[in-house]
Amino acid sequence: MDECPVYVGRKTGHPEPQIILRAIGIRPNHAYFQQKDDGFIYLKATEEEALDHILINGGKMNEDPETGIAEHRLFHMDRILFGSNTIFLFKYPLMKRKLDQIKSEIESESQGKVFTSDELIEQAK
């Protein structure tokens with residue numbers, strides 16, 4: 001994903017999506033992948049109707065009550081279901097290296113405590 005954002009939707013979407021889907025429930029501009037300043041890739045729904053047709057690892061995306069934006073930070077090997085039958089496996093090998101680097105830095109500061117991935121990300125903020 002060198003060129004973000006990467007749009008997902010029907011071929012009639014504007015801007016025209018780089019990932020074109022024809023499944024039931026897919027909106028013309030369904031969602032997009034965006035890299036943020038923190039270095040992570042996020043999946044964002046472009047409209048509220050799309051939220052009902054995106055599952056990540058079996059769970060729904062939720063809107064942030066403060067911003068009203070539905071986005072989800074993606075991790076290496078996340079499973080994304082678009083519509084009723086299109087499954088993507090998100091592969092981001094650089095993430096493992098990044099998390100290993102963060103883990104090493106944090107563990108050296110915390111005398112060897114072991115952290116989960118979510119704790120590592122929170123510590124890195």
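Okay, quick definition before anything else: when I say buried, I mean under 20% relative accessible area, with exposed being over 50% and partly exposed in between, using a 1.4 Å probe and protein chains only. By that cut-off, buried residues make up 35% of the 125 residues in the protein chain.

Some housekeeping. This is a predicted model, so to speak of a local feature I need pLDDT of at least 70, and side-chain atom pairs count only at pLDDT 80 or more, while totals for chains, interfaces and linings use all residues. Numbering runs from 1 along each chain as its sequence is written, and side-chain values use heavy atoms, with hydrogens and water left out.

On to the fold. We've got three helices and nine strands, where helices are DSSP runs of H or I with at least four residues, strands are E runs of at least two, and both are numbered from the N terminus. Along the sequence that reads β-β-β-β-α-β-β-β-β-β-α-α.

Five of the strands make an open sheet, ordered β2-β1-β3-β4-β7, with mixed pairing; two strands pair if DSSP finds at least two bridges between them. β2 (19-20) and β7 (71-73) sit at the edges with a single partner strand each, so one side of each has no neighbour in the sheet. Further in, β3 (residues 31-35) and β4 (residues 41-45) run antiparallel over five bridges, and one of the bridge pairs is Ala31 with Ala45.

Now, what is β4 doing for the core? A nonpolar core here is a set of buried Ala, Val, Leu, Ile, Met, Phe, Trp, Tyr and Cys residues joined through side-chain atoms within 4.5 Å. The largest one has 27 residues, and Phe33, Leu43, Ile54, Met61, Leu74, Ile80 and Phe82 touch the most other members. β4 gives the largest share, four residues. Take Leu43: skipping anything up to four places away in sequence, its contacts (heavy atoms within 4.5 Å) include Phe33, Ile54, Met61, Leu74, Ile80 and Phe82.

Is Lys44 buried or exposed? Lys44 counts as buried, because its relative accessibility is 13%. The Lys44 side chain makes a polar contact of 3.4 Å with that of Glu71. For the record, a polar contact is a pair of N or O atoms within 3.5 Å; within protein, one must be able to donate a hydrogen and the other to accept it, and residues adjacent in sequence count only if both atoms are side-chain atoms. Beyond four places in sequence, Lys44 also touches residues including Ala31, Tyr32 and Met61.
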